[in-house]
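Let's walk through this protein together, from its overall layout down to a few backbone details. Please keep the model open beside you as you read.

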Amino acid sequence: MATYFSMNNVTPGTKLRLIREKRSSWGWVLSEGEIVEILELQYQPTRFKVKDSQSRTWILDTHDAEIVDEEITSESPASGSA
């Protein structure tokens, strides 16, 4: 059985990959596939305040991005710990 993962459970510092292009009112563009880092979660509705590669902040909806696979696999317990 698969484990359900809610986008409300991500933590600051998690990396996200954009699944669609986003544009700001200032003319900035985040391209599809670009990696951003979560700075904080905002609720009602859930949104992410993120930082892009140029240190600009954005507010993204949960359906605008997906968690980078490497982040999910790094959360698994370390094997061989005593």
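Two strands are said to pair if DSSP finds at least two bridges between them. What you see is a predicted model, in which local features need pLDDT of at least 70 and side-chain atom pairs count only at pLDDT 80 or more, while totals for chains, interfaces and linings use all residues. Residues are numbered from 1 along each chain as its sequence is written, and side-chain values use heavy atoms, with hydrogens and water left out.

Start with the overall layout. The chain has seven strands and one helix, and along the sequence they follow the pattern β-β-β-β-β-β-β-α. Of its 82 residues, 27% count as buried, where buried means under 20% relative accessible area, exposed over 50%, and partly exposed in between (1.4 Å probe, protein chains only). The accessible surface comes to about 5,800 Å², with 48% of that belonging to carbon and sulfur atoms; such areas come from the Shrake-Rupley method with a 1.4 Å probe, and for residues only the protein chains shown count as cover. Among contacts (heavy atoms within 4.5 Å) with a separation of 6 or more, 46% are between residues 24 or more positions apart.

Now find strand 1, residues 15-18. Strand 1 is joined by three bridges to strand 4 (residues 35-42), and the two run antiparallel. Three bridges also join strand 1 to strand 7 (residues 65-67), again antiparallel. Arg-17 is a handy landmark here: this residue stands opposite Ile-35 in strand 4 and opposite Glu-66 in strand 7. In a regular strand the side chains alternate between the two faces of the sheet. In strand 1, Leu-16 and Leu-18 make up the covered face, whereas Lys-15 and Arg-17 make up the uncovered one.

Next, follow the chain into the loop between strand 4 and strand 5 (47-51), where Pro-45 lies. A cis peptide bond, with omega of about -5°, joins Gln-44 to Pro-45. Gln-44, in that loop too, has a positive phi of about 65° although it is not a glycine. Gln-44 is exposed, at 77% relative accessible area.

Ser-55 counts as exposed, with 53% relative accessibility.

Note on methods. Helix = DSSP H or I, 4+ residues; strand = E, 2+ residues; numbered from the N terminus.
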